[in-house]
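This briefing concerns one protein model, shown below. Topics are grouped for quick reference.

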Amino acid sequence: MASRFESVPQRRAIIDRRGLADALAALEGDKAALRMQGTALLKAALDAGREEIARRLIEHPSRGLEIAASQAFLTDQLLRLLYDFTTERLYPNSNPTAAERITIIAVGGYGRGEMAPYSDVDVGFLTPWKQTGWTEQVIETMLYALWDLGMKVGHSSRSLDEMVRQAKSDVTIRTALLEARYVWGDQEVYDEAARRFKAEVQADSARQFIADKLAERDVRHRKMGDTRYVVEPNVKEAKGGLRDLHALFWIGKFAYNVSEPAQLVEAGLLSRAEYRQFHRAENFLWAVRCHLHDISGRAEDRLTFDLQREIAERMRFADRPGKSKVERFMQFYFLQARTAGDLTGVFLAHLDEKFAARGRRFGLPSLRRSPRKLNGFIVNRGRLAIPSDDFLAEKPTRLLELFALADKHGLEIHPLTMRAAARDAKLADDIRQDPTANALFLDVLTSPRDPEIVLRWMNEAGVFGRFVPDFARVVAQMQFDMYHHYTVDEHTIRAIGLLAKIEHGDLEVDHPLATVLLHQIVSRRALYVAVLLHDIAKGRGGDHSILGAEVAHRLCPRFGLSPAETETVAWLVRFHLLMSATAFKRDLSDFKTILDFTEIVQSPERLRLLLLLTVVDIRAVGPGVWNGWKRQLLATLYDSAEEVLRLGHKQKGRSERVAVKQAALRDLLGWSPDQFDALVRRLPEPYWVAEPEDVIARNARLVEEAGDAQLSIAAQVYPERGATLVTIYAADHPGLFYRIAGAISVAGGNIIDARIHTTRDGMALDNFLVQDPFGRPFDEAGQLARLKQAIEDALANRGKMIDRLMAKPLPRPRAEAFAIAPNVLIDNKASNRFTVIEVNARDRPALLHQLAYTLFQSRVTIHSAHVATYGERAVDTFYLTDLTGDKIAAAARLKTIERRLLAAAAGERMADAA
């Protein structure tokens, strides 16, 4: 390990051990005074050393391994000085017995000679036999001193017998001791410990150790999110992180006795090129981890959005057209994480071969039957393999055939064959125009089995990006926001997998409509290709939908699609955001919304395809993004649009639809004719158009029960929409809406939809759909009671609401990392009756309240509000008229409203909004 510290330049500038030893030797006083002065000297040395290492990190931001080694070197020297000071000045022992010997060992990451600035100091004290009084005093004094220095110490004190016994019984201790390194103290005790560990612990237990480490790795990956493409990765523990690289080294050390990663080449586990990749990935990940600790001032291993920007700056990444510096930094990070994954596969394959004679493969199923017709490929212990190293180079189309056969026969690909495919991936450049190769690719993409897993293998081998260079541009590309959980390539492959699951009927409970429609479509191939290409042009600057449609026009003929299929794919890519934007940001009860949508869609087949693409696109964004409310909105839009496309001008007019709803409600309520007619007279026609039948029934019962009361509030869970329906029936007065919106926010609710009505006799009848901050309904009695109380207080003007709202924390604490410029879009063409205003802003508590208050001050009437959130970004859409019920047409007035809304969206403190 000395070689690791030899790579640290100017070590004396970090800590001058000789000078410090002389200063410690010159101290005078009793034991307590010596201890205090000694600790002060060492603390100053630690602070100065950390400062020097931090300076070097800023000066050379990519030298991760050097900085990690510098930190371990500094810790080594401090431990040596502390041990000498304790045994020579505090507890001198001029004639120690054989039992009064101590060796200090570094274990874990510190044992490897790698530490981030605030890593734990994992240290072990070994004694030949049971501890004596003197050894106990020395160990205790050293530990107290290390704590006084502010170090976080992970420590153990064991006799040699205890070390062997505990290492045998606990894989964590075994792993820590595997990397044990002599720091200071009795060399003979250390040599004896190392000999006994090798002979009594390591011997004949390699297979079990490897199995334990792999199981431990799987548990860790599941806990961290089992993909290396999570956009806020844990640099140490996540898939493709430092711990995965360490696991390779541990296994290599246990099975082959290698003492440093470079020896993995000599052991035949990695090629020279692969070792260079290992070294580059490890160096980069260590640099990122050291920056994380240095910026945070603590042991922080999670690469959160707010830190990503700063580290990208520190590591000197620059903006490029279509890609910010932080996106380029994270793309490089994910490529290094992928390298770690690739090396793990190759490494395990070698181990597998070594231990094959002793039993089954590590954690992989055995195949019962051997398929025929493998076109020269072979099956090696249940996995698809190649017969010779130059097999792929002889006929490059075999690169695609390899994955097509794996899919067709349900075979796993042998890691050494994956290694060959990765090495030969560049051959795909020559077969891009080859019809056979493109047919094989299309077979994999549109496979009726499990295209997701095979496409992921193809991506990890680098064949996917080589064969489809447009896809290579989005590999490992993150989107710097809190909405997208995965990189673009991972999102795309997940979306294809979800489409296959819907086709198999596995997601029928979540997606009943999509499951039915998938078996009605004619253009199945076009749909799968559209899912592949929908985000292909991200990161190019410009609208990725328009640019993606151009890519589709170029690629589809190459894949072997007909001109009609090509046209369908290009259309789907161009308009893949249309359905979600319409469903989530527009009023679906406004018939003009449906007409505008169907004018673009134009055919029932396109409508079916667009719904399916929209569903898998939203689902693949990440966990928790899809919910019942989104399903309901998309289904409503689909049904309305399908009716227009099917019936055209023959479909029912507005008054007919109202009559149908009233007839259904009459049957449902069972009221007397007089009672029912009175209700119909009170409710204006727009109300009957806007509200669904089940909501009208609930409203009717509330109005009946309220009688002459001036305020009545009902709140009940609305499971079909994944939200709570809150209805307020109250004497109407100006500003009612913004007060209710504020009250719901104070009670911890998020409004996702609101419809505001006034009865013909001057009562407000407002329906709100409310969720908790996690996108779930308010369904606990306490939550509902708090909600009702907050609304009552707001309408009675009890308490200063604005102060309570401003005190609420941000819904997403790290949202400040994102610059979101507020934007206001005014559209007088989206509706025949209303002016539609869409406000884009950073999501925060009471945003809707603030915007609604601004509209109240602008003297306009809000008829409905629709709220969509995309991570840290909120889009609030309002359907408005002036106070006389007409559209707002005056340009000067619209400009004033726009200016006021921009100020509110930017978070400027409102004048007292009560």
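How do the residues of the lining of the second largest cavity divide into nonpolar, polar and charged? They comprise six nonpolar, four polar and one charged, where Ala, Val, Leu, Ile, Met, Phe, Trp, Tyr, Cys and Pro count as nonpolar, Asp, Glu, Lys and Arg as charged, and the others, Gly among them, as polar. The model is predicted, with local features needing pLDDT of at least 70, side-chain atom pairs pLDDT 80 or more, and totals for chains, interfaces and linings using all residues. Residues are numbered from 1 along each chain as its sequence is written, and side-chain values use heavy atoms, leaving out hydrogens and water.

**Cavity**
- At least two lining residues come from each of α4 (31–59), α5 (64–90) and α7 (133–148); helices are DSSP runs (H or I, at least four residues) numbered from the N terminus.

**T487**
- T487 sits in the loop between α23 (469–472) and α24 (488–504).
- T487 counts as buried because its relative accessibility is 0%, the cut-off being under 20% relative accessible area (1.4 Å probe, protein chains only).

**Whole protein**
- Of the 914 residues, 57% count as buried.
- The C-alpha trace spans about 110 × 75 × 50 Å along its principal axes.

Conventions. Buried means under 20% relative accessible area, exposed over 50%, partly exposed in between (1.4 Å probe, protein chains only).
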